[in-house]
Amino acid sequence: MREIRSILVANRGEIAIRVFRAASELGIRTVAIYANEDRFALHRFKADESYLVGTGQKPIAAYLDIADILRVAKDAGVDAIHPGYGFLSENPEFAEACAAAGIAFIGPQPQVMRDLGNKVAARTLAVAAGVPVVPATGALPQDLDEIKRLAREVGYPLMLKASWGG
């Protein structure tokens, strides 16, 4: 694993500031990105360098602009990108794009994100690995009597959780 001497944080606000502080304590150069609307935001001034990203886009679109974030990372000569939380932190395509650009992604491998990003698939992996899990059912059927039977089988109290967002 190569040494990380500089990182870009692909996020904003308090999340970015916390990463900058940790990096600074480790002697790592920090690079911020900011959308035009965030040009006076504190995170921009806490980094060693800061660059506008997503010119002409609304803030959320700017912070999701993988191509422009990688452009800034290359121009700034960073070794790694930290995604912070939200935005691109759980995006396997972003992690793959970083790798393709020769920039380390600070986070899980893309396949791990894919495997664990789906609750049903993550549970299946946990069971296969022998990890204890709470009782559960598969996708619920349309038949209300069958749902009640499954509920009794699992046991009360119950928690219902959407498997695909929601």
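Tyr-63 is buried, because its relative accessibility is 0%, under the 20% limit for that class. The structure is a predicted model. Tyr-63 takes part in a stacked aromatic pair with Phe-87 and in a side-chain polar contact with Asp-38.

**Tyr-63 and Phe-87**
- Tyr-63 belongs to helix α3 (residues 59-63), whereas Phe-87 sits in the loop between β4 (80-82) and α5 (92-100).
- The ring centres of Tyr-63 and Phe-87 are 5.2 Å apart and the planes meet at 25°, so the pair is classed as stacked; the cut-off for stacking is under 30 degrees.

**Asp-38 and its side-chain contacts**
- Asp-38 is located in the loop between β2 (29-34) and α2 (42-46).
- Asp-38 counts as buried because its relative accessibility is 13%.
- The side chain of Asp-38 makes a polar contact of 2.5 Å with the side chain of Tyr-63.
- A polar contact of 3.1 Å also joins the side chains of Asp-38 and Arg-12.

**Other aromatic residues**
- The whole structure contains two aromatic pairs.
- Besides Tyr-63 and Phe-87, Phe-94 and Phe-105 form a pair, with 5.8 Å from centre to centre and 90° between the planes, an edge-to-face arrangement.
- Phe-94 is in helix α5 and Phe-105 in strand β5 (residues 104-105), so this pair ties together parts eleven residues apart in sequence.
- Both Phe-94 and Phe-105 are buried.
- Arg-44 lies over the face of Tyr-34, 4.2 Å from the ring centre.

**The ends of helix α8**
- Gly-155 follows α8 and has a positive phi, near 105°.

**The largest pocket**
- The largest pocket holds about 870 Å³ of space.
- Its lining consists of 24 residues, and Ala-136, Thr-137, Met-159, Leu-160 and Lys-161 lie nearest the centre.
- The elements giving two or more residues to this lining are α7 (119-128) and α8 (144-154).
- By class, the lining of the largest pocket comprises 16 nonpolar, five polar and three charged residues.

Key. Residues are numbered from 1 along each chain as its sequence is written. This is a predicted model: local features need pLDDT of at least 70, side-chain atom pairs count only at pLDDT 80 or more; totals for chains, interfaces and linings use all residues. Side-chain values use heavy atoms; hydrogens and water are left out. On a 1 Å grid over the protein atoms alone, a cavity is a set of points where a 1.4 Å probe fits but cannot get out, and a pocket is an open set with protein on both sides within 12 Å along at least five of seven lines; lining residues have an atom within 4 Å of a point. Grid points are joined across faces, edges and corners, and a volume is the space filled by probe spheres set on the points. Helices (H or I, at least four residues) and strands (E, at least two) are DSSP runs, numbered from the N terminus. Ala, Val, Leu, Ile, Met, Phe, Trp, Tyr, Cys and Pro count as nonpolar, Asp, Glu, Lys and Arg as charged, and the others, Gly among them, as polar. Rings of Phe, Tyr and Trp (its six-membered ring) pair if their centres lie within 6.5 Å; planes under 30 degrees apart count as stacked, over 60 as edge-to-face and the rest as tilted. Buried means under 20% relative accessible area, exposed over 50%, partly exposed in between (1.4 Å probe, protein chains only). A charge sits over a ring if NZ of Lys or CZ of Arg is within 6 Å of the ring centre and within 35 degrees of the ring normal. A polar contact is a pair of N or O atoms within 3.5 Å; within protein, one must be able to donate a hydrogen and the other to accept it, and residues adjacent in sequence count only if both atoms are side-chain atoms.
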